[in-house]
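User: I would like to learn how to read helix packing in a model. Could you take me through it step by step?

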Amino acid sequence: MDDDKKDEVYSDFYDAVNMQPKELEEWLDTEESKSVGDNDDGESTGHRSGRRIVEIKRTDKDDLTDSQYEHMQKVVGYVNRHTAQRPDGDIENSDWRYSLMNWGHDPMKDD
């Protein structure tokens, strides 16, 4: 990935992830967070991603690895796809919102 692409991914990631590391860590500790997503090995993909997002957000831009940039791209894609599928009605306690929050995006902050 060239530097221009990295800058684009970095910007898109910080636009998509609207939760701060501490806020996301606290969310990931909740039963609601653990209740959503595919769960093959005791932890859902989204929950695992949330832990990685915290690590990325606590890493200086100059120290980010190619693997972290690849994950940032994956996060942006997930958030964009799922926000486009917003369900009707109250989302506050929905699995849809909980899944997005595992990926670092709280759609209630958009309203």
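**Reading helix packing**

Analyst: This is a predicted model. Begin with a pair of helices: the axes of helix H2 (residues 21-28) and helix H4 (residues 45-57) come within 9 Å and cross at roughly 160°.

User: What is the orientation of H2 to H4?

Analyst: Angles over 145 degrees count as roughly antiparallel. H2 is therefore roughly antiparallel to H4. The H2 and H4 crossing is left-handed.

User: Which residues in H2 meet which residues in H4?

Analyst: From H2 come Pro 21, Leu 24, Glu 25 and Leu 28; they meet His 47, Gly 50, Arg 51, Ile 53, Val 54 and Lys 57 in H4. By class, the residues of this contact of H2 with H4 are five nonpolar, two polar and three charged.

User: How many residues does H4 have, and what span does it reach?

Analyst: Compare the end-to-end distance with the one expected at 1.5 Å a residue. H4 has 13 residues and reaches 18 Å from its first C-alpha to its last, close to the expected 18 Å.

User: Which residues of H4 are buried?

Analyst: Buried means under 20% relative accessible area. In H4 that applies to Gly 46, His 47, Ser 49, Gly 50, Ile 53, Val 54, Ile 56 and Lys 57. These buried residues of H4 pack against helix H1 (3-16), H2, helix H3 (31-34), helix H5 (66-83) and helix H6 (95-102).

User: At what angle do H1 and H5 pack?

Analyst: The angle between H1 and H5 is about 45°, and their axes are 9 Å apart. H1 and H5 are therefore oblique to each other. Their crossing is left-handed.

User: Which residues in H1 and H5 meet?

Analyst: On the H1 side they are Lys 5, Lys 6, Val 9, Tyr 10, Asp 12, Phe 13 and Ala 16, and on the H5 side Asp 66, Tyr 69, Met 72, Gln 73, Val 75, Val 76 and Val 79. The contact of H1 with H5 divides into nine nonpolar, one polar and four charged residues.

User: Is H6 mostly covered or mostly exposed?

Analyst: H6 is mostly covered, with seven of its eight residues buried. They are Trp 96, Arg 97, Tyr 98, Ser 99, Leu 100, Met 101 and Asn 102. The helices that the buried residues of H6 pack against are H2, H3, H4 and H5.

User: Which residue just after H6 takes a positive phi?

Analyst: That residue is Gly 104, with a phi of about 90°.

Key:
Residues are numbered from 1 along each chain as its sequence is written. This is a predicted model: local features need pLDDT of at least 70, side-chain atom pairs count only at pLDDT 80 or more; totals for chains, interfaces and linings use all residues. Side-chain values use heavy atoms; hydrogens and water are left out. Axes are lines fitted to C-alpha atoms, for helices over the stretch in contact, and angles run from 0 to 180 degrees between N-to-C directions. Helices (H or I, at least four residues) and strands (E, at least two) are DSSP runs, numbered from the N terminus. Angles under 35 degrees count as roughly parallel, over 145 as roughly antiparallel, 65 to 115 as roughly perpendicular and the rest as oblique. A crossing is left-handed if the near helix is turned anticlockwise from the far one by less than a right angle, and right-handed if clockwise. Contact means heavy atoms within 4.5 Å. Ala, Val, Leu, Ile, Met, Phe, Trp, Tyr, Cys and Pro count as nonpolar, Asp, Glu, Lys and Arg as charged, and the others, Gly among them, as polar. The expected span of a helix is 1.5 Å times one less than its number of residues. Buried means under 20% relative accessible area, exposed over 50%, partly exposed in between (1.4 Å probe, protein chains only).
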